[in-house]
Amino acid sequence: MKLALSPDEVTFRDELRELYRTKIPAEIRDKVKYGRELSREDWVAAHKILHEHGLAVPNWPTAWGGRDWTPIQRHIWEDELQLACVPEPLTFNANMIGPVIAQFGSQELKERFLPPTAALDIWWCQGFSEPDAGSDLASLRTTAVRDGDSYIVNGQKIWTTLAQYADWIFCLVRTDPQAPKKQAGISLLLFDVKSPGVTVRPIKLIDGHHEVNEVFFENVRVPADQLVGEENMGWTYAKFLLGNERTGITGVGRTKVKLAVAKEYAAQTNSGNGTLLDDPLFAARIAELENELLALELTLLRVVANSSEGRPNPASSVLKLRGSELQQAATELLLDIAGPDALPVGAADIAAPDWAQRTGPGYLNYRKTTIYGGSSEVQRTIIASTILGL
């Protein structure tokens, strides 16, 4: 594999670096770098700036705003975005439902939804997981019954990230309860979360934030022309979507930033006759994580380069598995640097610095990375069956 960038690729990288650091407001990028909460307005502002420069949905088909980039250019775009601490284009729009509509949707659906999805004029949320159907997603029980020109949807979704901000939901529903295989009777519907019968309730997480929600559907009427692709083919579309999600979850650049911040804080933390950064055991721990990240980055390049024709690459499960583990390792490192100062979360007028108080909630929040997008146990099963042939 080629490891050095060509002169044209260096120019491409440098242009992106300049744009990210001059066009995206520094106060937004600082929030990302230091783990402060982004508002809806922050997300929208950053996304729209990227969209104005043709950088919000580069992986889409060129007819709908994508860029005809090489795999290495796509990697540079994502890596530099993360290294600059720019909020990434809203994943529900850019990496999930947008590519699915572009690949499987009718021309009418494409024209109706792709432009506002790319521009974040529609904020999407993901209606997949249910109380009894998380990693075993095919066990979902939310139903959609055809009634003339509509579907009537009843059921419940859970862990619906940022649904409190969403305009629309892309929702897996069971349209054929009698299908011989549970995967065979599932469809994908699009509908407005303000539709009568939709209720969104917040779930307060262990880190104290409101990030996810439970969503209830009671006789929600959805126009039949908002079905993506064919009825009962939703499992195929979901696998395509999850392949994109798992590649995006890898987060090599994000983890690099966390390690850089950890070094910054370690240099301010006394240890023995010097700082924590001078401690050989701490330095070895940093070096090990950086080597693991490099190995993951090379694997990511191979996956991106070999993905084609809309088929999910099973190696995306390797990326999701290891990427989520390394993100957790970085938050554990930050927590260890903070030490006892991590305990008084949100307290005022105390000696513990703000950054240290954020490490505890950050550590707790990142326990989710080995669960969402398919748990680590599920990823290992996929790896065993589709890659190793066991």
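Start by selecting residues 7-119: this span is 69% helix and 0% strand, and its end C-alpha atoms sit 31 Å apart. Helices here are DSSP runs of H or I with at least four residues, strands are runs of E with at least two, and both are numbered from the N terminus. The UniProt record, an unreviewed entry, labels residues 7-119 "domain: Acyl-CoA dehydrogenase/oxidase N-terminal"; such annotations may be inferred rather than shown by experiment.

A word on what you are viewing: this is a predicted model, where local features need pLDDT of at least 70 and side-chain atom pairs count only at pLDDT 80 or more, while totals for chains, interfaces and linings use all residues. Residues are numbered from 1 along each chain as its sequence is written, and side-chain values use heavy atoms, leaving out hydrogens and water.

Next, select residues 125-220, which are 0% helix and 50% strand, with end C-alpha atoms 17 Å apart.

Now colour domain 1 (7-89), domain 2 (124-232) and domain 3 (249-388), whose bounds come from an automatic or database domain assignment. Taken over C-alpha atoms, the centres of domain 1 and domain 2 are 30 Å apart.

Finally, show helix α10 (residues 316-338) and helix α11 (residues 354-365), which pack at about 140° with axes 9 Å apart. Axes are lines fitted to C-alpha atoms, for helices over the stretch in contact, and angles run from 0 to 180 degrees between N-to-C directions. Which residues of α10 meet α11? Look for Thr-331, Glu-332, Leu-334, Leu-335, Ile-337 and Ala-338 in α10, with contact meaning heavy atoms within 4.5 Å.
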